[in-house]
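Visitor: Hi, could you walk me through this one?
Guide: Gladly, let us look at it together.

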Amino acid sequence: MLKLVLTGVWVCAVTLGSVYYSMQSASAPVVSDAEATRRASEQYVPGEMITVPVIKDGAVQGYFLTKLSFSATKEGINNLRAPLRQMVTDELYDMLVGSRFIDVGDTGTFDLPTFKSTVKDGLNKKLGGEVITEVLVEQLEYLTKDDVKRVANGQNVPRQKPVAIVDKNGNVANDKLPEGSINASTH
């Protein structure tokens with residue numbers, strides 16, 4: 001009987017010790033004051049789904065389905081002359097239509113970090129300052145011209161999924177907005 005009681009006490013002590021240890025190691029990471037200040041001054045802006053034609057040799061070869069979201073400074077957003085989402089969409093069309101960012105014939109040369117950096121720099125140039133602090137690629141896929149025709153004509157052919165773009169390092173563009181992000185679609 002005494003062995004049974006001691007075994008029960010031992011099991012309880014081990015359980016309490018493991019729960020205490022797991023709670024200590026699962027605590028929230030320490031955020032520096034500078035990082036907390038930076039996060040407080042930024043706002044996440046979900047982007048719109050846009051379709052960008054891929055033009056090569058004077059003809060449309062296919063379409064990119066793109067959804068980019070952004071982290072932007074609150075001060076920069078407040079100083080804009082038009083809503084951020086609409087300005088970003090306009091600039092993305094200007095930057096991507098007919099560009100050589102993504103070569104459909106050779107997606108192995110695509111570099112996702114360079115793409116994000118180039119989009120960020122182009123947007124900040126259009127916006128007149130350091131408004132965009134980070135670009136998040138939620139979706140970046142390619143549909144051929146034949147895929148679009150097939151869907152438009154309602155042909156009874158099994159649908160093919162869009163091809164996800166994979167960069168030269170093997171990264172797939174699928175960033176997610178942080179939990180609890182703020183929608184800044186109005187301005």
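**Strands and helices**

Guide: In this predicted model, β2 and β3 form a hairpin that leaves 2 residues between the strands, and Asp57 in the turn has a positive phi of about 55°.

Visitor: Okay, and how many bridges pair β2 with β3?
Guide: Strand β2, which covers residues 49-56, pairs with β3 over 8 bridges in the antiparallel sense, and within that pairing Pro53 has Tyr63 of β3 as its bridge partner.

Visitor: Switching to helices, at what angle do the axes of α4 and α5 cross?
Guide: The axes of helix α4 (residues 84-96) and helix α5 (residues 112-127) come within 10 Å and cross at roughly 120°, which means that α4 is oblique to α5. The crossing of α4 and α5 is also right-handed.

Visitor: Which residues of α4 and α5 meet?
Guide: Among them, Leu84, Met87, Val88 and Asp90 on the α4 side, and Phe115, Thr118, Val119 and Lys126 on the α5 side.

Visitor: How do the residues of the contact of α4 with α5 divide?
Guide: The residues of that contact of α4 with α5 comprise 10 nonpolar, 2 polar and 4 charged.

Notes: Residues are numbered from 1 along each chain as its sequence is written. This is a predicted model: local features need pLDDT of at least 70, side-chain atom pairs count only at pLDDT 80 or more; totals for chains, interfaces and linings use all residues. Side-chain values use heavy atoms; hydrogens and water are left out. Axes are lines fitted to C-alpha atoms, for helices over the stretch in contact, and angles run from 0 to 180 degrees between N-to-C directions. Helices (H or I, at least four residues) and strands (E, at least two) are DSSP runs, numbered from the N terminus. Angles under 35 degrees count as roughly parallel, over 145 as roughly antiparallel, 65 to 115 as roughly perpendicular and the rest as oblique. A crossing is left-handed if the near helix is turned anticlockwise from the far one by less than a right angle, and right-handed if clockwise. Contact means heavy atoms within 4.5 Å. Ala, Val, Leu, Ile, Met, Phe, Trp, Tyr, Cys and Pro count as nonpolar, Asp, Glu, Lys and Arg as charged, and the others, Gly among them, as polar. Two strands pair if DSSP finds at least two bridges between them.
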